[in-house]
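Have a look at the sequence and the model first.

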Amino acid sequence: MRLSLAIDLGGTKVAAAVVREDGTIISHSTRPTEASRGGDWVLNRIKEAAVEALENGKVHPSSLIGVGLGTPGVVDSERGIMLSEAVNIPDWKGRNLKAELEQILGIPAFIENDANAAGLGEFVFGAGKGAKSLVFVALGTGIGGAVILNGEIVHGTSFAAGELGHISIDPNGLKCGCGNYGCIELYASGPAIAQRAREYVLRGVDTKLSTMASPEELTAEHVALAAKEGDLLAQSILAEAGRLLGVVLAGIVNLLSPDRIIIGGGVAQAGDLLLEPVRWEVKRRALPDATRVLQIVPAALGTKAGILGAAALVFRSLQT
């Protein structure tokens, strides 16, 4: 069975793994990214994590068919060149990561945006198995996404497709860091949910949240936990975030008619307290023909989605 090396680059951690074609992770390794030290440093961290993953699995580089890398930022996935800066990594824009990785590791390299890689991981190995087309939503510090139509990642002309978090739900809403107003990221991401909880606690509303942490330290995880324990305010905060996300997804369903929407990321750990309002809103707003076979489901791979997606990128690119 073929083997690939898979790398998931995050703002704080580099993860590398040797992966079989069936999705089995043979060995893995992690390193702190220390992104502020620059692109050359990060590439060295990637090399260190890769070498250790190979050593841990007792795998010789000659046994690998290639390496896949998921990285933050806009990527020209055909040439392997970064078209934008990645979060907190100086001088990342303009780097030919494909060429640099191939020189470092001596095997074919394939580069993809991290959200696209995670979506591909779910499509091939996770909650998207058996789907023809899907939309992957990553709810975390921001809202990332991937669109896969007829089995292929949609990149768009400028390789910037899939930025679901920057679809506006209110043209006169909050100003986003991207320059737009009313982006869904400002209403349904982890920080947005935490901010809503903070406002209620500071107003003195009776809620379990006031006993879980100081207002400044409240997180979306606190909200999810309180909601699961029956706190009505926490449940209403999640429901509102879910409904607003559902408004955006209903429009996407009308446009693309996928057979599956997969929702992952840390915020999605709230489960049906978040997903049921999403499903209800999509069903209410999207065209019946577009929702006839649609399933809205939680992601299945958790933190392994990026690694497995990077591996799938290699296997699919080098099909025999």
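Q: Why is Gly121 called buried?
A: Buried means under 20% relative accessible area, exposed over 50%, and partly exposed in between (1.4 Å probe, protein chains only). Gly121 has 0% relative accessibility, so the buried label applies. Bear in mind that this is a predicted model, where local features need pLDDT of at least 70, side-chain atom pairs count only at pLDDT 80 or more, and totals for chains, interfaces and linings use all residues. Residues are numbered from 1 along each chain as its sequence is written, and side-chain values use heavy atoms, with hydrogens and water left out.

Q: Where does Gly121 lie, and what does Gly121 touch?
A: Gly121 is part of helix α3, residues 114-125. Helices here are DSSP runs (H or I, at least four residues), as are strands (E, at least two), numbered from the N terminus. Not counting residues up to four places away in sequence, Gly121 touches Gly126, Leu301, Ala305, Leu308 and Gly309; contact means heavy atoms within 4.5 Å. Ala310 is 189 residues apart from Gly121 along the chain, yet their C-alpha atoms are separated by 7.3 Å.

Q: What makes the pairing of His155 and Ser77 a polar contact?
A: A polar contact is a pair of N or O atoms within 3.5 Å; within protein, one must be able to donate a hydrogen and the other to accept it, and residues adjacent in sequence count only if both atoms are side-chain atoms. The side chains of His155 and Ser77 make such a contact at 3.2 Å.

Q: Why is Glu34 called partly exposed?
A: Its relative accessibility is 31%, so Glu34 gets the in-between label, partly exposed. Glu34 sits in the loop between β3 (25-32) and α1 (39-56). Glu34 also has a positive phi of about 50 degrees, although it is not a glycine.

Q: How do you know whether the radius of gyration agrees with a compact globule?
A: The radius is taken over C-alpha atoms, and the globule rule is 2.2 Å times the number of residues to the power 0.38. For 320 residues a compact globule would come out near 20 Å, and the protein has 20 Å, so the two agree.
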